[in-house]
Every structure is written in C-alpha cells, then in structure tokens.
There are 2 protein chains.
Amino acid sequence: MYTDVSIEQVNEAMSRSAEAFSSYSKFSLSQRALLMKAIAREIEALGDELISVTMRETNLPEARLKGERGRTIFQLNSYADACERGDWLEARITTAIPEKVPPRPDIRKMLVPIGPVVVFGSSNFPYAYSTAGGDTATALAAGCTVVVKAHPAHPETSEMVAGAIRKALDVLQMPQDIFIHLQGASFAVGEALVRNPHTQAVGFTGSYSGGMALFNWANQRSQPIPVFAEMGSVNPVFLFPEKLEADPAAIAQMYAESITLGVGQFCTNPGLLIGLDSPVLDTFKGMLAEKLQQIKVGKMLHEGIAKNYQQKSLLMLSQPDVSCITSVSQDVINNSPEPILTEVSGEVFLKNPLLQEEVFGPFSMLVRCKDQDEMAAVARSLAGQLTSTLMATEHDYTANASIADIIASKCGRIILNGVPTGVEVCQAMHHGGPFPASTDSRYTSVGADAIKRFARPLAFQNYPDALLPDELKNANPLGITRSVNDIPTSQSL
Amino acid sequence: MYTDVSIEQVNEAMSRSAEAFSSYSKFSLSQRALLMKAIAREIEALGDELISVTMRETNLPEARLKGERGRTIFQLNSYADACERGDWLEARITTAIPEKVPPRPDIRKMLVPIGPVVVFGSSNFPYAYSTAGGDTATALAAGCTVVVKAHPAHPETSEMVAGAIRKALDVLQMPQDIFIHLQGASFAVGEALVRNPHTQAVGFTGSYSGGMALFNWANQRSQPIPVFAEMGSVNPVFLFPEKLEADPAAIAQMYAESITLGVGQFCTNPGLLIGLDSPVLDTFKGMLAEKLQQIKVGKMLHEGIAKNYQQKSLLMLSQPDVSCITSVSQDVINNSPEPILTEVSGEVFLKNPLLQEEVFGPFSMLVRCKDQDEMAAVARSLAGQLTSTLMATEHDYTANASIADIIASKCGRIILNGVPTGVEVCQAMHHGGPFPASTDSRYTSVGADAIKRFARPLAFQNYPDALLPDELKNANPLGITRSVNDIPTSQSL
C-alpha cells in the first residue's frame with residue numbers, strides 16, 4: 001500500500017526540516033506546549049476509526065489500543081506542561097563580580113534545541129512510541145523539528161496520526177515542516193536519514209540489531225550525533241526465599257500475567273526468573289507453568305515477530321540442559337504463540353551466554369541457583385537491563401545486600417515486589433539502562449526528563465538583559481525555576 | 001625518566017579500580033567532599049617545590065602556575081561543595097496513587113556513579129586539567145574511582161600531584177585504589193585503558209586526533225562508553241561595525257592580549273577574527289598587528305607543540321591568497337614562537353576548509369567579508385566551536401540578529417564584548433560545544449554540572465523508606481533539593 005520514499009525524498013525532507021528548525025527553535029515554550037496539546041486533541045478527534053485501523057494492522061485488542069491512545073495523549077499533554085514549567089532547561093545564572101581579580105563576568109546558561117530529530121516508529125507501541133509518541137513529543141518540547149519514519153507494520157495508523165499532527169500545525173498556522181512523515185521499510189531509508197548532515201539526533205525503540213545499525217551509522221558520520229536507541233532487555237527477576245515462601249501462588253499469578261501481558265511484546269517483559277534451589281521454588285514453578293497454560297494470549301503484532309518468537313523459543317529449547325516446563329505442542333508453536341516457561345540450572349546459565357538473549361514474546365526462563373554465591377554470579381554475568389526486580393522481604397533484602405548492589409548496577413530501574421511491565425509516565429521514571437538495554441544509559445525515553453535528550457547547553461556571557469532569551473532575563477518573565485548563584489529559585493534577580 | 005606501564009599493568013590497574021568502585025560508589029556525598037578537600041590541602045602542601053618542577057617541565061611562568069594551582073584547588077573545593085549540595089543528583093520523587101487504575105507506584109530517581117573513569121592529563125593545564133584537575137575532581141564527586149594517565153610532557157608534576165592524592169586517601173584511611181596513577185606516552189597504553197571492560201567513561205582535553213582515537217576505540221567496544229573529549233576550536237570573533245568604530249584601539253589591545261595569553265596555548269584562544277571590509281577594519285588590523293609585535297611571548301609547553309605551531313603557521317601562510325600582517329622572520333619562526341596575524345578575504349576563506357583549522361599557539365586570522373551576507377556565509381560554514389564572540393553594540397546585535405543566531409547555533413558559549421580566554425569556574429559556565437569542539441555537546445567540562453558526565457539515572461520503584469538511599473528518603477536527611485511530584489523542594493515528604 002505504501003512505497004518507500006526515495007533517498008532524494010529523504011534528503012529533501014531533512015533540508016526542509018532544517019529550514020523549519022531555524023524558526024521553530026525560536027518558538028516560546030508556551031507556543032510549543034500549544035502545539036503539543038493541539039496534536040493531542042487532533043489524535044483524540046480521529047476517534048474509533050483510528051482504533052479500528054490499528055486493530056487491523058497490529059492484531060492488538062481494542063482495550064489495549066484505547067489505553068495506549070490515552071497514554072499517548074497524556075504524554076503529549078504532560079510533556080507540554082513540563083515544557084512550559086521549564087525545569088528541563090537547567091537554567092543557571094552566575095552573576096558578575098567586577099571587583100574579583102580577574103573580574104567575574106555575568107554568565108547564564110540554559111538548554112537549547114539540538115536540531116532536526118529523526119524518530120523511528122516502533123512496532124509494539126503503534127501510538128505511544130510511534131508517530132506522535134514519546135520521542136516526537138519530547139523533541140517538539142525541546143524545540144526540535146521532527147522527521148518520523150513510520151514503522152512498516154502499521155503504515156496506515158502512522159499516516160492517520162501524521163495527518164492529525166499536520167492538522168494541528170494547520171489550525172495553529174505553524175509551518176508544516178515542523179513535522180515530516182515518511183514511509184520506508186528498507187534499511188537504505190533509515191541509513192539515509194541517520195547519515196543526512198542536517199540530522200542532529202535519533203530516537204528509536206526496537207531490536208538490538210536495528211538500534212546498533214543506527215548507532216554505528218551515527219558514529220561513522222563526519223559529525224557523530226547522539227542515538228537514543230532503547231533495545232530491550234530480559235528484565236531479570238530475583239526471587240528471594242522468605243518472600244517466595246510467604247505466598248508462591250500470588251507471585252506465580254502476578255508473573256503469569258506480566259509474562260503474557262500484550263502477548264509478551266513489551267520491552268519490560270520479565271524474561272528471566274532467578275531463584276534458589278528449594279522446595280518452594282518447585283512449588284512456584286509448577287504454579288507458574290499451570291497459570292501460564294491457562295492464559296489464552298492473542299496474536300502477535302505481525303508475522304515476522306511471531307516467526308521470530310517461534311525460532312528464538314526453539315533455539316532456547318534446543319540448548320543443552322534447558323528444559324521446558326510448560327507443555328509445548330510443536331504444532332501450536334508453528335501457528336500462534338503460546339506462553340513458554342523454561343528452566344535451567346545456574347551452572348548451565350553461566351556457561352551459555354545465548355541464554356541471556358531476549359525472546360520477544362510470552363517467554364520466560366527460570367534459573368535455579370544452588371546457593372547465594374551462584375545467584376550473585378548470575379547477577380554479575382548479566383548485561384545491562386532496562387529493569388531488574390527483587391521479590392524480597394526487607395529481611396531478604398538486607399541479607400542479600402551485596403546481590404542487590406550488583407543487580408542495581410546493571411539496570412535503569414529497580415523494582416521491589418512488583419512486576420517490570422507497566423512503565424508509569426512520570427518525572428521520576430527512568431526508562432533506559434546500561435548498554436545493551438539502551439545506547440545511552442544517561443537518558444530516559446519516558447517521563448519529562450526525556451526532553452533533555454534533544455537539547456544541549458549554551459552559555460551567554462556578558463549579555464545585557466534585553467538581548468538574553470526570556471528564560472534567562474533578570475525579571476524571570478516565564479516564572480521558571482533557575483539556579484541563581486547556586487541556589488534554586490523562581491524569583492527574579 | 002618514566003617508562004610506560006605495560007598492558008598487563010593497565011589491566012591490573014582497571015581491575016583494582018573496579019574493585020575499589022564497589023566500595024567508593026557507596027561513599028556518602030560528604031565523604032566524597034571530605035576526600036576532595038583533603039586533596040586540595042595536600043596539593044597546597046606541596047608548596048613551591050611543585051611550582052618549580054612544573055616550571056621546568058612546561059616552560060610556564062611562576063605566576064601562571066600559581067594561578068592555575070589556585071584554580072585547581074578552587075575547583076576541588078567548589079565541586080566538593082556542589083557534590084554535597086546534591087543538585088547534580090537530579091533527585092525526583094513521584095509518590096504513589098494507589099487508587100489510580102492501574103495503581104501508580106512510588107518511584108524515585110537519582111543519578112548514580114557510572115563506574116571507573118579514565119582521565120587523560122592534558123599538556124596545557126598541568127594542574128587544572130591533569131592529575132587532580134576538573135575531570136578527576138568531578139569523577140570523584142560523582143562517586144567514581146579514577147585512573148589517570150599522566151601527560152608525558154609533565155610526568156614529574158603528575159607524579160607529585162598523584163602523591164598528594166595518595167596522601168589524602170591515606171590520611172582519611174580510604175582505599176588507595178580509589179585513585180590510580182599511570183605513566184604512559186604510547187598510544188597502546190591509551191588504547192588499553194579505553195578498551196578495558198571495567199572502564200565506564202573517559203575524560204580528555206587535547207587534540208582532535210587524540211580525542212577521536214579515544215572516541216573510536218570507545219565506540220568499537222562490545223559495550224560502547226561515553227568519551228568526553230574537549231578537542232579545542234578556533235573560537236571565532238565577529239567584529240561588528242558600530243562597535244569597532246567606537247574604539248578600535250581598545251579592541252586591538254584586548255585581542256592582542258587574548259591571542260598571546262599563555263603563548264596562545266588555550267583551547268579558547270581567538271584564532272579567527274571576522275569583520276566587514278571597511279577603513280576601520282584596516283585601522284584595527286594595523287593596531288592589532290603592531291600590538292602583537294610588541295608582546296614578547298614565552299616558550300611553548302614543549303618542543304612538539306612549538307614545532308607543530310611552526311609547521312601549522314607555515315601551512316596557513318602557504319595557502320593561496322593568505323597574507324601575513326605581522327612581520328615574520330623565518331629564523332624566529334624556526335626557534336621560538338612569535339605571534340602571527342594573517343588576513344584572508346571571506347571569499348577565499350569560504351573556499352578553503354583548511355583555513356578553519358586550529359593553529360595551536362599565538363596565531364589568529366582576520367577574515368575580511370565584503371558584506372553582511374558573506375559574513376553570514378562565513379558563520380554558516382564554521383564547524384562546532386567551544387566559544388564564539390560578538391563585538392557588537394546593542395544596535396549592531398539587533399541589526400545582525402540572524403547572524404547572531406547562526407553563531408549561537410555553532411558554539412557552547414557565546415560572549416558579547418569580551419574575550420573567549422578565561423573560563424570562569426562556576427555553575428553557569430558551559431565549556432564544551434558542538435562537534436568537533438567536543439565529542440558530546442551535551443556536557444560541560446568546567447563547572448559543577450561536569451559531575452553529571454560520570455553518572456546515570458537509576459529509578460527505585462516501590463521501595464520502603466528504610467531501603468532507599470539517603471538522597472531519596474522521605475525525611476530528606478541530606479537536605480538536598482529534590483523534585484517532588486514535579487515541584488522542586490528541599491522539604492521532607
């Protein structure tokens with residue numbers, strides 16, 4: 001239905017985006033917020049037609065998509081508020097001390113937009129991490145123009161959402177090129193977008209191989225640029241004995257739901273459960289397998305993902321000394337996904353790095369450790385993760401403090417007695433993590449701090465008040481919180 | 001006098017640093033501050049012996065070195081205060097809303113230390129950007145252990161300062177491996193340090209080729225790591241007509257001093273002066289050349305730098321249509337540096353990218369533009385810069401607003417009616433800039449915000465108060481400013 005844009009069209013789009021950047025980057029915070037809120041309204045105005053198109057394109061059920069649409073609208077509105085509040089600007093003022101030797105000049109600093117941003121839509125969040133998703137919203141908040149490459153798994157959804165953005169720009173009489181939408185399934189389109197000299201940052205949510213391709217292209221440019229690629233993880237869950245003993249059935253229920261949520265197609269899906277060899281671990285394992293088998297999961301997003309799930313699951317099951325706890329009918333695997341729980345000893349897990357790889361879908365692996373030392377070794381062996389979870393009483397936690405430290409050092413978010421799925425959109429959220437969970441562990445892709453990905457500091461030295469941006473003027477006309485001579489304040493000077 | 005460490009010694013040092021990190025990363029903010037202040041005291045205690053050793057190793061005069069030592073001590077003390085104040089932690093608390101559907105959990109986030117940091121000492125700042133310089137101080141403030149590779153141009157100075165750090169650790173009975181000092185002039189040592197898997201970030205101030213070697217090694221690792229390389233720039237100065245007309249002599253005096261300050265061996269040295277063709281530009285040019293010739297500059301840091309200055313200057317002078325305004329005696333060039341002012345038309349400058357390259361030393365190039373359009377084209381042609389300066393009245397500024405915008409988009413600090421040399425150590429400073437001025441335009445290497453280079457966010461979800469780090473506990477026992485449900489406050493919850 002949609003054909004790839006040509007490389008010429010990519011380059012022409014980036015030139016238009018750069019041209020629009022020169023005006024949009026000077027839009028006030030409140031103008032940017034106005035745009036973001038208008039986009040939210042126009043998406044809402046697409047109504048049920050959008051939902052039904054996306055259901056057809058993604059196999060996702062109506063309730064999930066309505067929830068995700070709500071989240072996308074919430075993101076746009078709450079990031080718009082954060083944009084106006086201006087904390088993300090990190091405004092700093094150091095006033096002059098003329099009598100100092102040498103004299104200290106007046107210096108003021110704030111974050112300024114980095115330039116045109118390329119956003120790659122993700123397949124598993126057709127709204128919240130696609131066309132008008134978190135990356136687009138935060139780039140617009142930062143004052144950057146955006147070029148989106150639609151995900152080929154939901155091109156029509158993407159086209160509709162792009163139409164809503166264009167309408168918002170139109171209603172507000174803002175330049176259309178603030179936002180440009182391109183269709184393209186080929187690697188060549190992605191490469192051209194990343195390598196175009198106008199592109200100044202890249203946002204991506206998807207596979208490790210996809211993210212690393214973008215990262216490498218970006219670093220091979222004559223001017224390297226930041227790539228914010230969220231590449232998923234296995235989100236290890238550590239089951240400590242006192243907690244597990246207290247109520248194995250409740251934990252099994254909780255995790256059966258988390259593993260199968262959205263057919264396991266979440267980057268925070270718990271793909272690894274690590275416990276200590278014990279009768280209660282066996283009890284838990286049996287309960288979890290039973291519950292997983294009772295849950296009827298839906299279809300996966302598209303055939304490619306379903307096929308990948310099948311292949312990756314079989315690869316895991318074919319590894320030496322990996323056993324399958326759920327009953328898997330070969331036939332069923334070949335058609336639509338069924339939840340799979342596998343089991344392996346700590347010793348085998350430590351020897352086979354392949355067992356650490358993500359199986360995208362409702363798959364989890366229980367690692368049975370013979371003692372705490374082996375559990376610590378397993379924790380130490382893990383690559384960077386988006387999340388890690390500890391199912392632990394306070395006593396478990398303090399008795400295993402050194403394991404908790406190792407776990408914390410490997411992830412971006414550490415959860416106590418909960419599930420990793422469900423990423424709250426709020427300022428304290430960190431969604432990201434040490435490599436390879438993301439290409440830049442210093443930035444989140446969820447929450448208003450994600451705006452900072454698309455900005456860089458600029459210091460103004462010895463500027464008269466009239467020539468300073470409003471954010472840094474003495475009177476603080478925007479009423480933002482600034483650090484003045486090291487003290488945070490929203491007062492004027 | 002000093003031989004390179006072996007690759008085995010590099011790897012052994014990184015293992016020790018990683019081991020020390022597991023304890024140092026848990027040191028409280030006040031313990032870190034204590035260490036930094038103790039280092040400052042021990043450097044002071046080295047007294048005049050340190051100064052005389054450095055004078056011998058670097059050719060820098062006593063007054064300059066005493067000033068730089070004072071700055072180094074100030075950095076350690078002021079970053080220690082900033083470390084304790086904790087603003088850099090970006091502590092965020094989003095409290096739970098159990099009645100929300102789904103329930104919102106309690107989430108709290110702060111920056112945590114990234115891991116062992118490798119610091120490469122710079123040649124032009126033997127104290128302030130070497131062994132116990134800004135990179136080391138901010139890494140220690142962030143809670144990271146540090147491995148310093150001494151700059152081979154001042155190994156004895158570096159050894160003495162390392163001794164002061166070791167003594168501070170000893171006095172405070174802290175693990176010696178928090179700081180490790182290595183000598184090494186070869187690329188192999190640098191490469192082994194960057195590629196070692198324990199290394200989690202790199203700080204560097206120096207040449208483009210040196211910085212890019214580190215950057216590429218870091219990105220070729222199986223786990224890429226951030227490199228904060230400050231690689232210098234030509235720091236363009238735009239001379240606008242009304243301002244220049246008002247007092248060409250004063251501006252010529254100011255710039256003659258700035259160009260020759262520290263024998264031009266500052267990364268913020270003004271290497272490019274851009275003006276509009278006019279009689280007053282001729283007047284200014286004559287005055288500047290005359291003043292430059294009156295200034296007796298000292299010896300350069302080492303023979304390699306002097307030789308490079310000679311070669312680079314001659315290369316510039318050999319370019320078509322570049323004229324030399326100062327009288328350069330070939331003999332003098334061959335021995336010790338003399339300040340050089342060259343001149344070129346805007347047209348020639350735009351055609352020859354080589355003219356944009358930095359000549360490290362007391363060298364500057366005047367670009368004569370035929371009109372404002374050509375000046376805008378010159379501004380647009382520039383690569384990323386640490387600083388840009390506008391010599392402009394308010395009327396000049398507003399009449400050239402679009403040129404000012406272009407200039408601002410290319411640099412990390414924009415100065416009005418001043419000189420780029422002299423980098424104030426304060427919170428509002430940004431020392432860094434778009435590539436190739438630095439490898440990461442989002443981070444400063446001067447001012448307390450530089451601490452953030454060596455930290456990453458970690459979110460704690462659903463943690464009971466007792467298990468949270470002090471920085472995030474309800475009572476706010478450290479009294480730091482935190483954002484609680486989007487509102488900055490230092491109150492307890």
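Buried here means under 20% relative accessible area, a cut-off that helps with several of the views below. All of the close-ups come from a predicted model.

View 1. With a relative accessible area of 7%, Cys426(A) is buried. Its closest cysteine sulfur belongs to Cys267(A) and is 15 Å away, which is too far for a bond.

**View 2. Helix 1 packing on helix 7 in chain A.** Here you can follow helix 1 (residues 7-24) of chain A as it packs against helix 7 (residues 187-195) of chain A, at an angle of about 30° and with the axes 9 Å apart. Angles under 35 degrees count as roughly parallel, so helix 1 of chain A is described as roughly parallel to helix 7 of chain A. The crossing of these two helices of chain A is right-handed. On the helix 1 side, the contact is made by Ile7(A), Val10(A), Asn11(A) and Met14(A). Helix 7 of chain A contributes Ala188(A), Val189(A), Ala192(A) and Leu193(A). Of the residues in this contact, seven are nonpolar, one is polar and none is charged.

**View 3. The cis peptide bond between Val101(A) and Pro102(A).** Take a look at the bond joining Val101(A) to Pro102(A): the peptide is cis, with omega about -10°. Pro102(A) sits in the loop that runs between strand 1 (92-94) and strand 2 (107-113) of chain A.

**View 4. The cis peptide bond between Phe435(B) and Pro436(B).** Moving to chain B, the peptide bond from Phe435(B) to Pro436(B) is cis, and omega is near 5°. The loop between strand 14 (411-416) and strand 15 (455-461) of chain B holds Pro436(B).

**View 5. Val263(A), a non-glycine residue with positive phi.** Although Val263(A) is not a glycine, its phi is positive, at about 55°. You will find Val263(A) in the loop between helix 10 (248-260) and strand 9 (272-276) of chain A. Val263(A) counts as buried because its relative accessibility is 8%.

**View 6. Asn417(A), a partly exposed residue with positive phi.** Asn417(A) is not a glycine, yet its phi is positive, at about 50°. This residue, Asn417(A), belongs to the loop between strand 14 (411-416) and strand 15 (455-461) of chain A. With a relative accessible area of 22%, Asn417(A) is partly exposed.

Terms used
Residues numbered from 1 in each chain as written. Chains lettered and ligands numbered in written order. Predicted model: local features only at pLDDT ≥ 70, side-chain atom pairs only at ≥ 80, totals over all residues. Heavy atoms only, no water. Disulfide = S-S within 2.5 Å. Buried < 20%, exposed > 50% of the residue type's maximum accessible area, 1.4 Å probe, protein only. Axes fitted to C-alpha atoms, helices over the stretch in contact; angles between N-to-C directions. Helix = DSSP H or I, 4+ residues; strand = E, 2+ residues; numbered from the N terminus. Parallel < 35°, antiparallel > 145°, perpendicular 65-115°, else oblique. Left-handed = near helix turned anticlockwise from the far one by under 90°. Contact = heavy atoms within 4.5 Å. Nonpolar A, V, L, I, M, F, W, Y, C, P; charged D, E, K, R; others polar.
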